[in-house]
Amino acid sequence: MSFFTKLQNAVFTNQSRLVAPLDPNPEMLPPVTAGPLIDHFAACLGEIIRQTQSQVCAYKPTWGFYDVLG
């Protein structure tokens with residue numbers, strides 16, 4: 001299935017054209033309490049996906065945040 005078919009299905013299913021950013025910006029996420037920073041980001045962004053998956057049609061990671069973090 002192509003990307004555009006998946007996107008069209010998501011728009012139809014969720015009745016939404018909203019695209020949510022997935023930016024691991026330390027200033028916008030809860031503070032790290034323990035463990036590696038990347039694990040913290042994965043948990044926070046995973047929670048964003050879980051809470052919004054029925055309301056958006058796609059997610060957009062901003063490459064710059066990931067590039068800076070290595």
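Close-up 1. F3 is exposed, with 54% relative accessible area; exposed here means over 50%, buried means under 20%, and partly exposed is in between, using a 1.4 Å probe and protein chains only. F4 is exposed as well, at 63% relative accessibility. The rings of Phe, Tyr and Trp (its six-membered ring) count as a pair if their centres lie within 6.5 Å, and the planes make them stacked when under 30 degrees apart, edge-to-face when over 60, and tilted for the rest. That rule gives one aromatic pair. F3 and F4 make an edge-to-face pair, 5.2 Å centre to centre with 75 degrees between the planes.

**A note on the model.** This is a predicted model, where local features need pLDDT of at least 70, side-chain atom pairs count only at pLDDT 80 or more, and totals for chains, interfaces and linings use all residues. Residues are numbered from 1 along each chain as its sequence is written, and side-chain values use heavy atoms, with hydrogens and water left out.

**Close-up 2. Strands β1 and β2.** Helices (H or I, at least four residues) and strands (E, at least two) are DSSP runs, numbered from the N terminus. Strand β2 (residues 58-61) runs parallel to β1, and four bridges join the two; strands pair if DSSP finds at least two bridges between them. A20 stands opposite Y59 in β2. To get from β1 to β2, the chain goes through helix α2 (residues 37-52), and this β-α-β crossover is right-handed. That is, with the strands pointing away from the viewer, the path from the first strand over the helix to the second runs clockwise.

**Close-up 3. Helix α2 and its end at T52.** α2 has 16 residues and reaches 23 Å from first C-alpha to last, close to the 22 Å expected (1.5 Å times one less than the number of residues). Its buried residues are H40, F41, C44, L45, G46 and T52. T52 sits at 18% relative accessibility. What does the side chain of T52 reach? The backbone oxygen of I48, at 2.7 Å.

**Close-up 4. Two buried cysteines.** C44 is buried at 13% relative accessibility, and C57 is buried with a relative accessible area of 13%. A disulfide is a covalent bond between the sulfur atoms of two cysteines. Counting cysteine sulfur pairs within 2.5 Å, the total is zero disulfides.

Key: A polar contact is a pair of N or O atoms within 3.5 Å; within protein, one must be able to donate a hydrogen and the other to accept it, and residues adjacent in sequence count only if both atoms are side-chain atoms.
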